[in-house]
Amino acid sequence: MNAEQGRLQENESPEKPWHFWGPYVAERAWGTVREDYSANGDAWNYFPHDHARSRAYRWNEDGIGGISDHKGRFCLAFAFWNERDPFLKERIFGVSGPEGNHGEDVKELYWYIDNTPSHSFMRMIYRYPQSRFPYEELVAQSGARSKMEGEFEIWNTNALAENRYFDIEIEYAKADADDILIRASAKNCGPEPAPLHLLPTIWFRNTWSWDRAQPKPTLRKTAHHGHAAVIKASHPALGDYDLFCDSPDDLFFTENESNLERLWGVPNATPFVKDSINDRVVGGKIDIVNSAEFGTKAAAHYKFNIPANETISIRLRLSRRGSTSPSSADSVVSLSLRERVGVRATDPFADFDEIFRKRRAEADEFYGELAPSSLTDEQRAIQRQAFAGLLWSKQFYHYIVEEWLDGDPGQPPPPEEREHGRNSGWRHLYNERVMSMPDKWEFPWYASWDLAFHCLPLALVDVQFAKTQLDLIVREWYQHPNGKIPAYEWNFDDVNPPVLAWAAWRVYQIERKQTGKGDRAFLETIFHKMLIAFTWWVNSKDSEGKNIFQGGFLGLDNIGVFDRNAEFPDGTHLEQSDGTSWMGMFCLNLMRIAIELASENHVYENIATKFFEHFLSIAAAMNKLCGKGLGLWDEQDEFYYDVLHTPGGRNLPLRVRSLVGLMPLLAVETVQWQLIEALPGFKSRLEWYLQYRPDLASLVSRWQEPGMKELRLVALTRGHRMKCLLRRMLDPEEFLSDYGIRSLSKFHQTHPYSITVRGEEKIVSYEPAESQTGIFGGNSNWRGPVWFPINYLLIESLQQFHHYYGDDFKVECPTGSGQFMHLKEVANELSNRLIKIWLRDEKGECAFARASGKSVGEAVSFPGISVGDAVSVPGKPTASPTVRTQSRYLFHEYFHGDIGAGLGASHQTGWTGLVAKLIQQQGEFGTIVKEF
């Protein structure tokens, strides 16, 4: 067991809560639903970016490179000033949903470089311009562009010209669970000396303004400790902490209270408000901070003039008073120091470099042991930074819906509209935990189906955290009493694909592979909650009780001809190929879990049978539409389509070739015959059903004919239809790109689909880059780009089919190439195409770093935003790139359908972090491609 694994084991006990402190501060809390108390639900304009520096947050905090305790009560983050900006750079900037031509979009450059599961070692890099930050230009240009144009980014301005920026590296190393060493190093990458102010800032989340019974914590300057200035933090629940600041120029104190005068022209009760430190540093207002040196927000002020190509560093240490028990993984220096008299009674930085060195070495050891030996250094770096992004994207998420709906004592009452407005049916929902976020700026709120995908790569490094996340989202204070799973804060009522059972089964399998034993209590807990969720789906989304399901947008935003959440006034509804496929997959997931649980508790045999039978009913309906001969399968096109069903009995297939038609491939399961033999009750009922309902049995597979290794196959699509779908899926002129499976067939580039709905013509065409429609805000696009979650599920399905069919069953890949592969080889091929997004090509470029040009779909390359310190941004090198000393990767929300460029949210390591799992798998298989 290495040191990091030891910490994860210790973390399970209350004596060593290594997860107590972590990167739990959001990158954006303004413009969120939980901070919105408007009558019309306009979250972006109710709490805009301009208010953020002056207005106390009610629910969450934000900052750059920030950490907090696991309840977000005590926070630390960094602020910067280049002597040109109109205010401190305290938070990462981006345009709001209404401001962006493709919705909200972060407009800065930063990278998550490293992080361990216990957060014992963390690194990130933030790029800060030396010129005035182009806030106004970014907003104006974003608003001026149409949806037919690409997004306007910071590298389209002159803010980073001639390398005139600072690369600021923020690092954390834990000496113990509550003893955190902090270092910030700023490099002047420009050609001339430049000024930089660094302000490491600590503050308490304002809890006292909303609840008068809450005691107010305090920050107070104490006596200097040698060259270290000390801020004592006292909190009624957390106890006392000291922040040691190595040789600051000054300390500033204020209150985390709203500046009512600046915001609304109302006199402040105290001159010391949230933005007082900003006014002290930027405006030079000396009396605006508390000269008595106490408050609820404080900053150490460091001022430098950094020569060209030089780096400066500052050191801090945040340590809990009375914490003297060292970790067994501590260095000898740290151990003797803490055992002798405690860290505060001697030089707090005496063991600083040694602890940093040791924690970094332990991180290297942890990830070195995890990565398969067949990986190249580049593949190891990609995987490690994918894990880093996942771990940095943890966030304390706070949103108690009942309190939000009713308002707080002493505050203006919420508008009457909210009583029946957004999320009003979720009064039971009590969010107060650290959650895995899709992206802490663009999506600083959990989404239930995103979360399911996060948990697979997370399980590789911290299976307990992965299990906790899945367990949490189905707890009674999250899952609705009717069984529904909360979607996301903009509308908890929206419907996400039912993938939590799949994720739980996969996490169970990962842990069993790691330790030799799966957590059956965890699996059984999730299974029971999924029974309730399954019942909700059947009761709510099968409108006619015929096992053909709706579901609305189901996470695929604009993939449909129209907004799939929309309701038709005449009762017309959409019978969805993806909704029905998801339910088929859900059935098989629950059947497989029930079989596993039945091996020790035969009560579950009955439930396994129930889901087997339900799956067959779904398969029958999807392929035959209850005997009417139409179904969702189109014999002419040999593809599955959504069907528009009218009250008069008309069924109109919407002939859009999209992922919707490939999703029946996801509903597949193989079962070892030995497992069935061990469950006599399940076996007898299964055989009865197959004997007396041969019509349904024939829709699934030739059950009596075993495949490879005595496996039995249960799937929505059999050999012929599967081959038809794969022929289109693997065709470069349709779904297969160099970087994975497209969300919409390229066929529609020259053959747009058109339909008139209520007098309005709707057109779907192939759009490989950003969305050209405004559906769901227009900030994501499922009409051509490559998306990781569905690609990953397709790969798993191909592996399942191969388990049954073996090496003899081959398909042409790519279609038209004359090259044939068995299905595992196809899965490997798709995996390597996805991994290739981050690998350097023969020109040294990475696909993810290509950006769309001014016109959507026009490809240009910006080499500076991706890898290496020596390459300038934005594609305007001032000199030839030198040897790269460090690789930096971004993990985008989705990728250009032709060139693999990263699009959408730029730090959505959430489900795009699945690349770490693919690298792990391909490395273990020995089939990972070394170079392209």
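Begin by selecting helix 1 (residues 3-10) and helix 8 (residues 352-370), whose axes come within 8 Å and cross at roughly 90°. Axes here are lines fitted to C-alpha atoms, for helices over the stretch in contact, with angles running from 0 to 180 degrees between N-to-C directions; helices (H or I, at least four residues) and strands (E, at least two) are DSSP runs numbered from the N terminus. Helix 1 is therefore roughly perpendicular to helix 8, a term covering angles of 65 to 115 degrees.

The model is predicted: local features need pLDDT of at least 70 and side-chain atom pairs count only at pLDDT 80 or more, while totals for chains, interfaces and linings use all residues. Residues are numbered from 1 along each chain as its sequence is written, and side-chain values use heavy atoms, with hydrogens and water left out.

Next, select Asp114, in strand 6 (residues 110-115). Asp114 is buried, at 4% relative accessibility (buried means under 20% relative accessible area, with a 1.4 Å probe and protein chains only). Its C-alpha atom is separated by 8.5 Å from that of Ala363, 249 residues apart along the chain. Leaving aside residues up to four places away in sequence, Asp114 touches Phe121, Met122, Arg123, Ala363, Tyr367, Arg384, Ala388 and Trp392, contact meaning heavy atoms within 4.5 Å.

Finally, turn to the cysteines. Cys724 is buried, with a relative accessible area of 1%. The closest cysteine sulfur to that of Cys724 belongs to Cys813, 16 Å away and too far for a bond. Cys455 is also buried, at 0% relative accessibility. The count is 0 disulfides, a disulfide being a pair of cysteine sulfur atoms within 2.5 Å.

Technical notes: Angles under 35 degrees count as roughly parallel, over 145 as roughly antiparallel, 65 to 115 as roughly perpendicular and the rest as oblique. Buried means under 20% relative accessible area, exposed over 50%, partly exposed in between (1.4 Å probe, protein chains only).
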